[in-house]
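Student: Could we go through this structure together? I would like to take it one region at a time.

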Amino acid sequence: MTSNAARVIIVGAGIGGLAAALRLSHAGCAVTVLDMHSGPGGKMRTFPSAAGPVDAGPTVLTMRPVFEALFTDCGLKLSDHLTLQPLDTIARHYWDDGTCFDLMADRDATVENVRSVFGSTAAKQYNRFTERAARLFQAFDAPMMQTEVPRQADLTARVLRQPRLIKDMAPWRTMAKDLAASFREPRLAQLFGRYATYVGGSPYAAPAILSLISDAEAQGVWAIKGGMHRLAQVLQEQASAKGAKFQFNTPVSRIVKQGGAVTGVEAGNDRLDADVVLFNGDPRALQVGALGQGVQDAVPEAAVTPRSLSAYVQAFAAKPSGPALAHHTVFFGKIPATEFHALARNRMPEDPTLYLCAQDHGTAAADTLQRFEIIMNAPPILRDPDEETPKCQTLMFNRLKAFGLRFTPTPEADTLTTPMGFEALCPHTLGSLYGRSPQGMTAAFKRPTARTPVKGLYLVGGGTHPGAGVPMATLSARHAAAAIMHDRTLTSTSRPTATHGGMSMGSATAGKKPSLS
């Protein structure tokens, strides 16, 4: 690291902040990461249990090439630091009528499962749907996800070159209406509508184009040996090895701005000077003035409202009994519209779909304690958890009992995180887990990008472009690092080791068809 290295303070050690710390420290910057929590990961957190730490945040790893590119760009090899285990079964799905359907990593196997469970007509409709989703993903990966600042003009040009995309996008339909037109089988429409919730949206308000998320998952889902939180730990370890410094239990109260540019931050009674501040938190915190009025104008209100969904998350260890589980299992509500209409009215759904991650699937004996995470959609509204928790737990576990699934012992109330709990973990989010809602055709253009109007202040994380999710937050770090390096006119020659891999801004999914894993 040179004596004139740019001093970068990263506020927040979520996945975006960690990936940016690794990239920027590798490029020669003097990086300090400050976080209010006791360790790295942000929403990628764990909950203690008798069977060991339980993942209590993101559980699905997709877009593997994004992570491989991150490590390669920083002179590292992903497989030297993380063991990714491909899942043959992407997800198992149950309905109240006893239907069980497995979505497989092998596409032919999935088609056969669709034919066996839902019939030959459904198999043909599934094929058409997945082919369309693949076209959408291929068309919009480069000009959207892989681009630092997406422009409607670039997307328009792409559509003009491929007019078929207009029909594929179905811009006149919500996701729910498009799926109803695509599938005669309502259970398949319900299944693929669930992908809107991956980015905090409702299929009844999100645009039809979000169906491309299904193509991302179809290209591969991985489990991380040691749990998802291992990714956060490894990123911290590798950034530290390159000189990044981490200070936990250090909440930042203000981003200092002088003469039109940021000059550092205040944390408690300390003032830390910096040339660059990279904010890895929900941009709404800036917009409402929580980090000081000097940077409040860095994010417009339209970039953070309306809010995305929140969730009720149960993380615990128990012995399960009942239906066979996969690593990822979904128990569908009876009427999908009922759940999302309740959420739209800011109410706890009474007929929810429940997602369950069996963290120890395939590795634990049936009669031993196993680790589980259950997620139920919630509105981004804050209520008293003492009133909300008992009602939610009763609803969750009664719903699972209806499918024959029971846990011994029954999880205690302190294993549940409500929207109010997420507000405490991630202040000024209103409990929303994904930042701005994805509803509306232009929602993708309204998220803030890495650069802000305030000189020296940049954004990274799931609340910024290209959006929510672990791979997207990791891509946002690539965009933020590129913007900082460009604006600071830094090059890889500031540090000899930075020549290996460099700060490549090429597609993280170069080569074979990109994978959203």
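Student: To begin, what covers the buried residues of α2?

Tutor: Please keep in mind that this is a predicted model. The cover over the buried residues of helix α2 includes α1 (15-26), α3 (78-81), α11 (229-241) and α17.

Student: How many residues of α2 are buried?

Tutor: Helix α2 spans residues 64-73 and is mostly covered, with 7 of its 10 residues buried. They are Pro-65, Val-66, Phe-67, Ala-69, Leu-70, Phe-71 and Asp-73.

Student: And what follows α2?

Tutor: Gly-75 follows α2, and its phi is positive, near 70°.

Student: Let us turn to the sheet. What is the order of its strands?

Tutor: The order is β9-β2-β1-β13-β20 in an open sheet of 5 strands, and the pairing is parallel. From one strand to the next, the twist averages 20°.

Student: Which strands stand at the edges?

Tutor: Those are β9 (245-247) and β20 (457-459). Each has a single partner strand, so one side of each is left without a neighbour in the sheet.

Student: Over how many bridges does β2 pair with β9?

Tutor: Strand β2, residues 30-34, pairs with β9 over 3 bridges in the parallel sense. Opposite Phe-246 in β9 stands Val-33.

Student: You listed α17 in the cover of α2. Which strands does α17 touch?

Tutor: Helix α17 (residues 470-487) packs on the sheet and touches β13 (276-279) and β20. The direction of α17 makes about 160° with that of β20.

Student: How far apart are the C-alpha atoms of Leu-212 and Tyr-195?

Tutor: They are separated by 9.0 Å, with Leu-212 and Tyr-195 being 17 residues apart along the chain.

Methods:
Residues are numbered from 1 along each chain as its sequence is written. This is a predicted model: local features need pLDDT of at least 70, side-chain atom pairs count only at pLDDT 80 or more; totals for chains, interfaces and linings use all residues. Side-chain values use heavy atoms; hydrogens and water are left out. Two strands pair if DSSP finds at least two bridges between them. Helices (H or I, at least four residues) and strands (E, at least two) are DSSP runs, numbered from the N terminus. Axes are lines fitted to C-alpha atoms, for helices over the stretch in contact, and angles run from 0 to 180 degrees between N-to-C directions. Contact means heavy atoms within 4.5 Å. Buried means under 20% relative accessible area, exposed over 50%, partly exposed in between (1.4 Å probe, protein chains only).
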